[in-house]
Every structure is written in C-alpha cells, then in structure tokens.
Amino acid sequence: MSSDILVVEDEPAIQELIAVNLEHAGHRVQRAGSAAEADARIRDVRPDLIVLDWMLPDLAGTALARRLRSDARSKDIPIIMLTARAQEQDKVAGLESGADDYITKPFSPRELLARIKAVLRRRAPQLTDDTIEIAGLRLDPAAHRVTSDSDELHLGPTEFKLLHFLMTHPERVYSRVQLLDHVWGDHVFVEERTVDVHFRRLRQALEPTGHDRLIETVRGSGYRLHG
Ligand code: CA
C-alpha cells in the first residue's frame, strides 16, 4: 500500500537513491535537504513516516526528532533515523530522541523498505497491505475486498478505509475527531457528523452477514470495533 514518506537527507545522491527506491515500491515521496525544509514539507502534507538523517546542515536529526515529538501535529509520525555512525551510544541517543527505528549507512534499499514496512505495521497497521480477519470478516487491502466466507460485501471507499482502520485497532474507542484525523487525514475539513453518516453506511454494508454487530457506538465518546 502506498504511504506518504518524507525523506530528510542533505546528501543529494543518498536522498535520490532513497526517494527513487521508495517511489518504485509505490510510496509517495516528499524530499527535504534540511530541518527547515522538513518543517515546510510537514506543514504541507503530514507524512505517514519520516526517514531522517542524523547529520543535517542546520540541526541534528536527533534534535529535529525530539522537536517533532513535542508538536501535536507531528508527534505520532513514525521516524526511522539514518546514520553513518554505528556506535551503540548513538543508537541509544537516536531512539531516546523519539525515533522508532534506526538504520546505519551504508544500507541496501531493500533493508530500508523492510524497516519501513515493519515500523508501519507496528505504528500504523492501516497503512499496510496485510489481510486482516475478525470474526469471519476478512478485509484484503491489496484487492480492496471485504468478504465473509464466500460473500463479498460492498463498501464505498470511505467506509473501506474506516473499516480498515477499525479492524487494525480493535477494542479501542475512537472519538469522531480522532477518526477524522486517522481516516480522513488532516487538512481535510469535514464536519464531525459526517463520521456518523459513514458509520451508518458501513453498518448497512456489513448487515447482510451480521458483522454490523461488531461496531459499537460508545455514548458520548465515539466508536469501537470488537475484535
Ligand atoms: Ca547528512
């Protein structure tokens, strides 16, 4: 599945190598050569993941990571640090600054892609292509299909994204605002009651196989999917 990935790296050849490989793997890539450029890119499009070089011309990567972690808009974005240093000390500093993972140069593009997939699977499973099944309800992101036994259920694109998010985060209650953020994305101005409209459609779509019962409206809080 394609994700929005921001590559923050000041060495043009390495930035190019990473960007081309990520694009080849189907991701949408934004590039930045400094911390200031990274800030500007993040203001435009909130990335799903950031690949962040340790040594930037204007700020240490660790300092940028720490700053991103302290900002509400960027605090949940997974970060993979790149570094030329291999010392254990640096690894600890990188992870303490808030990075989710750490990769040492030189690395193969294949290794970076594998790390990205692992971090997304852990931090944002709704962005991966893994098929997921709960109570006989099966969602296949790659094929964009929802099935129960041999029955195919027909969902609109928003209901599909909503169900994918809920199935990858079962048993947790999400408010309408949180769902707008996670499913619709920020920079999208949608009224909270729109969420209710899509839940109504989602329940209707799941009704034929009785899976609408998985979705609970939690009074005063939001919604939860039982898994
Ligand atoms: Ca650098």
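Predicted model: local features only at pLDDT ≥ 70, side-chain atom pairs only at ≥ 80, totals over all residues.
Residues are numbered from 1 along each chain as its sequence is written, and side-chain values use heavy atoms, with hydrogens and water left out.

- Glu159 sits in helix H6 (residues 157–168); helices (H or I, at least four residues) and strands (E, at least two) are DSSP runs, numbered from the N terminus.
- With 6% relative accessibility, Glu159 counts as buried; buried means under 20% relative accessible area, exposed over 50%, and partly exposed in between (1.4 Å probe, protein chains only).
- Val197 belongs to helix H8 (residues 192–206) and is partly exposed, at 29% relative accessibility.
- Between Val197 and Glu159 there are 9.9 Å from C-alpha to C-alpha, and the two are 38 residues apart in sequence.

**The calcium ion**

- Three residues supply the protein donors of the calcium ion: Asp10 (OD), Asp53 (OD) and Met55 (O), at 2.0 to 2.3 Å from it.
- Donors are N, O and S atoms within 2.8 Å of the metal (3.2 Å for Na, K and Ca); water is not among the atoms, so sites may look incomplete.
- Along the sequence, these donor residues follow the spacing D-x42-D-x1-M.
- Asp10 is partly exposed, with 31% relative accessibility, whereas Asp53 is buried at 2%.

**The protein as a whole**

- Eight helices and 11 strands make up the list of elements in the protein.
- Its radius of gyration is 19 Å, close to the 17 Å from the globule rule for 227 residues, so the protein is as compact as a globular protein of that length.
- That radius is taken over C-alpha atoms, and the globule rule is 2.2 Å times the number of residues to the power 0.38.
- Along the principal axes, the C-alpha atoms fill a box of roughly 55 × 35 × 30 Å.
- Of the 227 residues, 44% count as buried.
- Among contacts with a separation of 6 or more, 56% are between residues 24 or more positions apart.

**Backbone features to look for**

- As background, most residues other than glycine have a negative phi, and most peptide bonds are trans.
- Lys105 and Pro106 are joined by a cis peptide bond, with omega about -5°.
- Pro106 is in the loop between strand E5 (101–104) and helix H5 (109–123).
- Ala135 has a positive phi, near 50°, and is not a glycine.
- The loop between strand E6 (132–134) and strand E7 (137–140) holds Ala135, which is exposed at 58% relative accessibility.
- His144, also not a glycine, has a positive phi of about 55°.
- You will find His144 in the loop between E7 and strand E8 (145–148), where His144 is partly exposed at 47% relative accessibility.

Terms used: Contact = heavy atoms within 4.5 Å.
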